[in-house]
Amino acid sequence: MKPTSVAGALAAFALLASPLATVAGTPAAPAFAPESFRATVSFLADDLLEGRDTGSRGHEIAARYVASRFEALGLKPGGDDGGWFQRITFQQTDPGATPGSVAITAPNGKTQNWTHGTDVLVGLNPNEPALDIAAPLVFVGYGIENAKLGIDDYAGLDVKGKIVVTLRGFPQGLPSEEAAHASATKAQAADRHGAIGMVSIGTLLSMKTRPWAQSVHFADEPSFAWVGADGKAFDEAPGIRITASLNEPAAQALFEGASQGLATIRAIADQPGGRPKGFALKTRIRIQSQSVTKRVTSPNVVAILPGSDPALKAEYVVLSAHLDHIGITPPKPGDKPDTDRINNGALDNAAGIATMLEVARAAAEAPVAPRRSLIFLASTAEEKGLLGADYYARHPSVPIKAIVGNVDLDMPLLLYRFTDVTAFGADHSTLGPIVAKAVAPMGVTLSPDPMPAQTIFVRSDHYMFVKQGVPAVFLATGFANGGEKHWEKFLGGAYHHPDDDMAQKIDWEAGARFADANYRIMRAMADADTPPLWYAKDFFGDTFAPDAKKAKRP
């Protein structure tokens with residue numbers, strides 16, 4: 001069947017499934033039906049969509065389904081060339097036939113060798129399929145350079161043309177979200193100083209948090225990047241040509257003959273605020289890497305509801321949710337023929353898409369449209385590194401300065417009657433009080449981040465908007481009323497597993513309630529006289545929107 005035929009059939013179904021907005025000609029308040037929410041999740045989590053992996057046929061079907069729902073609501077296309085889809089080319093990079101390797105030469109000329117997947121993991125360069133690089137080494141502490149945090153680990157060091165060695169993570173005692181951002185930009189810092197490669201080694205804390213065996217388990221996963229107009233895979237640190245991560249034997253070999261031993265360095269790093277100083281190492285390293293690439297395409301799906309206010313409709317509020325999931329798990333030795341390997345992604349993130357579609361329906365059918373315009377974004381490749389949202393935030397349907405706020409919906413846990421929500425990032429902008437005030441009439445409270453050590457604020461799609469200067473939060477069901485135990489059980493079980501399917505005891509009333517909460521939040525953002533604003537002297541606001549109008553922190 002041709003795509004247009006599929007879209008047409010789905011659009012007709014969507015019209016039939018959509019709740020009526022009026023009764024006897026009188027506009028009704030938005031109603032959110034559990035049955036409607038369940039119908040969307042049921043379709044997107046069906047085995048026939050095979051887990052909606054990026055670039056897969058299942059994801060394409062899901063994208064057409066979402067587009068048909070948008071069209072049935074009378075929304076305007078926000079994709080390429082007047083259509084619903086923003087088609088993105090991705091490059092998938094896999095290990096080549098020859099495993100990567102690391103050789104470390106001591107001051108006495110003795111060389112030790114390791115193969116990828118043993119005590120070393122060698123990164124893949126999406127734009128250079130065959131690499132063989134040898135260079136001197138410089139230890140740069142945590143490898144962080146951030147003036148707002150008062151950290152410059154490169155002070156007094158010459159790393160040009162060399163490979164830097166960094167500790168994983170960030171100094172203990174720093175604000176977790178700000179430090180997580182600084183940690184995530186280590187490659188860019190090394191690139192600015194002229195380094196050609198980067199090697200990471202564990203701290204005492206990082207080795208406990210993520211054991212080496214866990215890293216090895218994912219060692220051969222492909223990497224993804226979106227392809228730019230220049231035909232190259234996008235890379236924020238193109239000068240860093242080679243990377244590697246080292247386990248204990250290889251890490252110890254790096255510091256042979258060094259002026260300060262690795263044990264001493266780790267002891268310093270293990271103290272609150274501990275920041276080991278950098279110095280040139282006496283060893284040299286040679287890293288070899290081979291990779292193969294292929295390109296796939298996958299769409300974001302974008303719709304726009306024009307605002308009703310003549311002045312404010314030129315400003316846009318974005319509600320986003322990722323449509324992709326992780327597809328089909330490869331078979332393992334010993335699997336039975338009937339082993340379920342389809343990762344349906346019912347809660348992650350069919351539930352987020354269902355929420356977005358219910359909000360879109362309520363907004364489109366409202367007697368009075370929101371004052372500001374709304375953008376609904378069903379993003380792709382979130383599971384590959386937030387790539388679809390990153391591409392959209394850099395190539396938006398409207399000028400990025402016209403986008404005044406974003407709420408992202410990712411994996412709302414609808415296994416219990418939630419009584420609170422968490423808006424990750426609420427402390428950075430006026431979105432915090434906007435969310436709190438909007439959901440209060442429902443008897444729902446806004447709770448602080450219950451797991452700040454996990455730095456959730458920099459790990460979901462909304463952060464791609466933050467990086468473009470847009471105030472944004474990631475909204476999730478909270479830990480109250482038994483939520484904490486449900487979150488713990490889900491993350492340790494069904495998360496990224498075939499058990500995240502329709503057999504779960506999903507509370508569909510909670511789904512409707514979550515949609516209601518998000519509609520209230522979107523209307524509050526869209527209808528207020530003042531758009532969401534970064535707080536004055538906020539780390540992220542000052543970093544990504546230094547010239548934007550700011551609000552006084554309460």
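Predicted model: local features only at pLDDT ≥ 70, side-chain atom pairs only at ≥ 80, totals over all residues.

Entry 1

Entry 2. How many residues of strand E21 are buried? I went through residues 472–477 and got 6 of the 6, so E21 is largely enclosed by the rest of the structure. For the cut-off, I used buried as under 20% relative accessible area.

Entry 3. Next I looked at the two faces. In a regular strand, side chains alternate between the two faces of the sheet. On one side of E21 I found Ala-472, Phe-474 and Ala-476, and on the other Val-473, Leu-475 and Thr-477. All of these are buried, and both faces are covered.

Entry 4. Which strands pair with E21, parallel or antiparallel? Strand E18 (residues 403–409) runs parallel to E21, and 4 bridges join them. I spotted Asp-408 opposite Phe-474 in E21. Strand E19 (residues 420–424) pairs with E21 too, but in the antiparallel sense, over 4 bridges. There, Val-421 has Thr-477 of E21 as its bridge partner.

Entry 5. I moved on to E18. Is E18 enclosed or open? I checked: 7 of the 7 residues of E18 are buried, so this strand is also largely enclosed by the rest of the structure.

Entry 6. Last, I looked for another partner of E18. Strand E16 (residues 316–322) runs parallel to E18, with 6 bridges joining the two. I noted Val-318, whose bridge partner in E18 is Asn-406.

Key:
Residues numbered from 1 in each chain as written. Heavy atoms only, no water. Buried < 20%, exposed > 50% of the residue type's maximum accessible area, 1.4 Å probe, protein only. Pairing = 2+ DSSP bridges.
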